[in-house]
Every structure is written in structure tokens, then in C-alpha cells.
Amino acid sequence: MKNILKWMVIIGGALFIIVVVASVVFIKSFDVKKYKPQIEQAVAENTGRSFTLGDDMDVSIFPWVGVKLSDLHLGNPDGFGQRDMLFVKHFEVRLKVIPLLSKKIEVKTFVLDTPKIYLEKAKAGQANWMGMGKKEKQTSGSSQGKPSSGNQSLPIEGLSVGNFSIINGQLLYVDQVANVKKQVSDLNLKLSNVSLETAIDISLSAKLDGKPLSLKGSAGPIGKDLGKGVIALDMVLKVLNELDVKLKGNIADPMGTQSMDLALEVATFSPRKLFKALNQDFPIKTKDPGALTQLALSLQLKGNKESMVLSDGVMELDDSTLAFTASVKEFNRPNLAFDFQLDSMDLDRYLPEPPAKDGSGQVDSSASRKPQKGEKKKTDYTPLRKLILDGKVTAKKLKAHGAIIENIVLKMTAKNGLITMNPVNADLYSGTLASTLMLNVQKSVPETTLTIDAKNIEAGPLLKDAMQKELIEGTLNVDTKISMAGETPQMIKKTLNGKGTFLFLDGAIIGIDLANAVRNVKVNLGLEKKAIERPRTDFAELKIPFTAKDGLVNTSGANLASPLIRVIVKGDADLVKEQLDLKVDPKFVATLKGQGDTKNRSGLTVPVLITGSFAKPKVRPDLKGMISSGAVPGTKDLENVIGTKEDQEKELESAKEDVKKQIKGLFPGFSK
């Protein structure tokens, strides 16, 4: 029995040697160049493109299965800028034969030398990569188009690659439609430690439009079960010597649940310099050219195809730092939650430059105002109706349009088409602001409700910072609730409803001095030079209550109470027609005590009507009202204003007649 086995081994070994020797002799005598025309024809038929090979060709079978090819040319269709879509200077692959018997692949060499790929999209829209391959006939059957079932494991037991290299690759992309041209050159890729059981080392370098980029790191192991298991990633991407991105973590079951646990870190870089390196104009125009010069980002990403969570997020933008967390699930809705915490930011730096002014100093907006032709496309609010949102934003300090807001807290929710911001709280110029906002998009026309409760806000510094103007001083309190519907300004004005009160306490109106106007009539009639000191009217209270109904805003009695005068304003402002119908009724108090005057001033009233459009209001005295109410002043009333002979200097006597003449022209029937 032993002799039989011995002779079987000897005979088997001899047969194996004979096969090997025969194979070597066959390969040595085999001339693959004879079959080059057939190979070229077969590739051309299967790709639909011309295909040629160089004469430097070689095929080996044992102990390595190997193929060497040179000068591969895969042509372009007619009408494109280059003759070839693909060119390869040299291609070589070698793998062992014996391990194949045990489903193991051992590759000694895989080298792609100087591959050149040319991709072009013509002006007509046709691309050179479209239409490749034979058009297969569609076959009937229920299995067509269905994903294959069963295990996706690789039909091999092992994989080992010695040298995997792509050398001096080039890619040129040309889009004639968008007038875009991009080139990747000097592309070199090297894979080391390639196997199923270990991580693969990756080294990639290239130039994008002449600018360097690189990718180094490791990925794997892949495992025998394709798309299953855990693949570790540890990568560093460098772009144009400006951007460094690190990615580290795991991707599990990429063909199944597709879960991931990754850490992303973007080192500090300048977005402006990055775009400059790309030879691209920076897309954002900012008021401050020093804005968007520093950006850094880090975060942890966990999730799968059902949900995603961002944690430990930190973004540094110029002088600001934002810490954030966020999550999303039900991607088709989506269902979002977030928490943003900002330290401080000057938003004015990131706003665009103000529009240019014409020769008269007015804003020239003719270029931006284009006539709208046809009806406005109806807005689809379906995405907002699906949205589920639960978010919070806090900020220690914000500057916007010159105004400084501190300790901001904003809570935002959304569900079933109801989007709510409640509360919106902030500290504002020594006071507090509490507000709520609700947007309802359940119907075809959006509806908005806004409430504002502001207390003890210093109006002077606020207006000076926000408007660069000094209009009014005092402590501001606001209590208002308004509602509106629509998405255009005209629709919103037509549906504006609500009521509220603006209250200023212990302040002053800047630019008007009612006390000085009464004390110095000559000055106000142009008979003397005005005082250099900036005029102002102090008041104890300025109260402006209002109601709004369908765009008609009414004030039943806006009231200013000052040491000199009481002013009551009643009437309407029609926001739709942009028309005014107001009556201003001033009433002087008894004396000017505390302002250098003890004269009795009571009884004198000069009501004023304000009518016309918002753009060109008309202001005139209410003569009819004065006559009907018996409020036309007499001599004694005028003497209370301009003084008697005993009270005034001699030079006032000459001005007195001029004053009387002007008043006589205003009030017919005045005889003295």
C-alpha cells in the first residue's frame, strides 16, 4: 500500500512538472502580438470607442500570471477636443497561480503608469463618457431590477498585494456649458500592506490646477465579508497648503446599517486664502475685509442611515467661538434638534457693503430693482409642515446694525406647520427684552403673531448705535402684540392687526426746544440769530398707544408731557394706502418753572393737521378747529408769549409790530 502511494506521489509530481514545463515552453513560444487586432476589435465593440495597443506586450502564466501592456488608447467620439478619452503609457499586473487554487490572491505587482483621462461636456450637453458599452436588450422577468439577496462575502479566502501604484496620473475636466476647466496632474497613489485582515496604508499626492493636495493614512481591515464588519479610518487631507482635515474613527456594516463613529478636525485656515489659492473670487462680500480669515472646526459624528448625532462641536470663526450639538432623524421629514452656544460676534463685520449713493446722496437702487413679469410663483410650505424642530440658541454678546445685545436666549420649536420662537429673551441697553414669534404655515398663506415686552431700555444709546442718530432720550418700555398674514409686504400691510404701547419716561426729544421757542419768539421768527446750543425738549412722559386693524393704525391719544407743554396726537396712519390723517394738539402749561421763566402761559393752543402721503406729508395749522373752539388767541394771550413793554428790552418793540403783522396774516379778524 505504501509503495502504491509512493508511486502515485512520484507520478503526480512528474505530471505537475511536465505541465509546468509545457506551460513555460508554451508561453515562451506564444506570440501575443498575433492576437493584438482581435483584442483591439473586442474592446472597441464592447465600449463603442476606438481602441489601440502598443507593440510592447507580454503575457506569462507560471509561476506568475502576468500581463504587460503599453500605449493604450481609448478614443473619444467625434466632436470633442481631444483624440483620446483614456491613455495609459504602461500597465502591468502579476499574481501567483498556486494560491488561486485555495481562493487566495497574491498580487506581486499592479502598476498603472501615466494614465491620462479626459472628460468633456460639450456645449450641446453631450458628454464624452456617455453612451459607452453595448446597449443590452431588456429582458422580462420579475427578478430584473431587484437587489440580489444572500451574503455579500468575497469569493476569496485571502488577499495580498506587494506593489500597488498609480504613477504620474492626469485628469482633465472641461465643461463647455459652464465654461469650467479643472486639471488634476502629478497624481501618485501607493497602497501598502494590502490584505483583508490588516489596515491598508494609503499615500496619495496630486496637484489641482497646479496647487498641491495630499491624502495619507490608513483604512481597514476590509474583512472577508464585503461591506460587513468594522472598517477603521485614520486619514489626513491637505489641500493647497492651506487646509488640513483629519478624519478618524470607524465605519461599521457599510452595506447594511451603515453606522459610523467619526471624529472630524479641520485645523485653523483662512477661507479667503483658500479661494485665492483656487484662483476663485471669494463668494461672500463683507463690510470688513478682515472677516472670514480664520476658521477652525472639530466635531464627533455618530449615527447610521436612520439617525445622526453631532456632539462636541466647536467652530472658531475669527474672534468668535460656537459650541454646538445637533441630531437628526427621520431624514425625509426631517426631525431636528440642536443646541448652539455662542460667546460673542460682531455681525456687522459679515454684512455686505451698504449700497452706493448717487450724486444727491440718495441710495441708487435702480440696478437691483427689476420689474417683475408675470405672477409670483406660489411658495410650497410642505417641507415646513413636515419639519419637527427642537432647538436652543444662546449668545453672550451680539452686535447687529451697531446695536449691542447681550445674554440672548432663543428657544425654537416646530411641528405640524407651527414654528414657534418662545421665548426670545435678551438684555438690551440696561433693560430687558422678552418676545415671542409664531409662524403658522398650515394654510396656503402663512400667518405670523409677534409679541414684544421691553422694559427699562435706554433709548438714546440704542438709537445712536443702531441709527447713528440722536432723536430721543429716555427709558423705553414696549408692550405690544400684532398679527399679520401673507408673504409679500403688501399682503402683510393689509392684514396687520393688533395693539400696543410705546412709553418713554424722563427723556428728551433731540432737535426741538419748545421752551426756547415760546421764550424767544423773535429767534423762531428769524428776527435774531439762533442759539448755538443744540435744542432739546425735556419730557416726563411720552406715551404712544396704538391699535391696528387691517393695516389701519390708529392712535387715540399719543401724549407728551413736558415742563412746558402737553402734546396730544390723534388720528390714523393707513399702511396700505400710505396716507396720514393726524391732528397734533399742543397745550401749554401754566408756567415754565424750572426752565428760567415764571410767566403764566396757560390757554394758548395751536393745533396742527398732518395729512398726505408718507413720502410727502402736509403739515398745516388747524385754523377751522381753532375758530370753532374759540381758541383764536387775543392780545393778552400774545403778550403772555412775547411779553409786555415792561418785560422786554426796547429792541423788542420794533420786532413786535413785525410779529403782529405775521400773526394777522394767519388769523383774519385779529384787529390789534
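**View 1. Thr47 and its polar contact with the backbone of Val43.** In this predicted model, the side chain of Thr47 lies 2.8 Å from the backbone oxygen of Val43. Thr47 belongs to helix α2 (residues 36–47); helices (H or I, at least four residues) and strands (E, at least two) are DSSP runs, numbered from the N terminus. Thr47 counts as buried because its relative accessibility is 14%, where buried means under 20% relative accessible area (1.4 Å probe, protein chains only).

**View 2. Asp113, a buried acidic residue without a salt bridge.** Asp113 lies in strand β5 (residues 104–121). The nearest side chain of opposite charge is that of Lys89, at 5.1 Å; a salt bridge requires a side-chain nitrogen of Lys or Arg within 4 Å of a carboxyl oxygen of Asp or Glu. Leaving aside residues up to four places away in sequence, Asp113 touches Val88, Lys89, His90 and Ile167 (contact: heavy atoms within 4.5 Å).

**View 3. The largest nonpolar core.** This core comprises 31 residues, and Ile457, Ile472 and Phe504 have the most contacts inside it. Such a core is a set of buried Ala, Val, Leu, Ile, Met, Phe, Trp, Tyr and Cys residues joined through side-chain atoms within 4.5 Å. Strand β23 gives the most, with 5 residues.

**Notes.** Residues are numbered from 1 along each chain as its sequence is written, and side-chain values use heavy atoms, without hydrogens or water. Local features need pLDDT of at least 70 and side-chain atom pairs pLDDT 80 or more, whereas totals for chains, interfaces and linings use all residues.

Methods
Buried means under 20% relative accessible area, exposed over 50%, partly exposed in between (1.4 Å probe, protein chains only). Lys and Arg count as positive and Asp and Glu as negative; His and the chain ends are not counted. A polar contact is a pair of N or O atoms within 3.5 Å; within protein, one must be able to donate a hydrogen and the other to accept it, and residues adjacent in sequence count only if both atoms are side-chain atoms.
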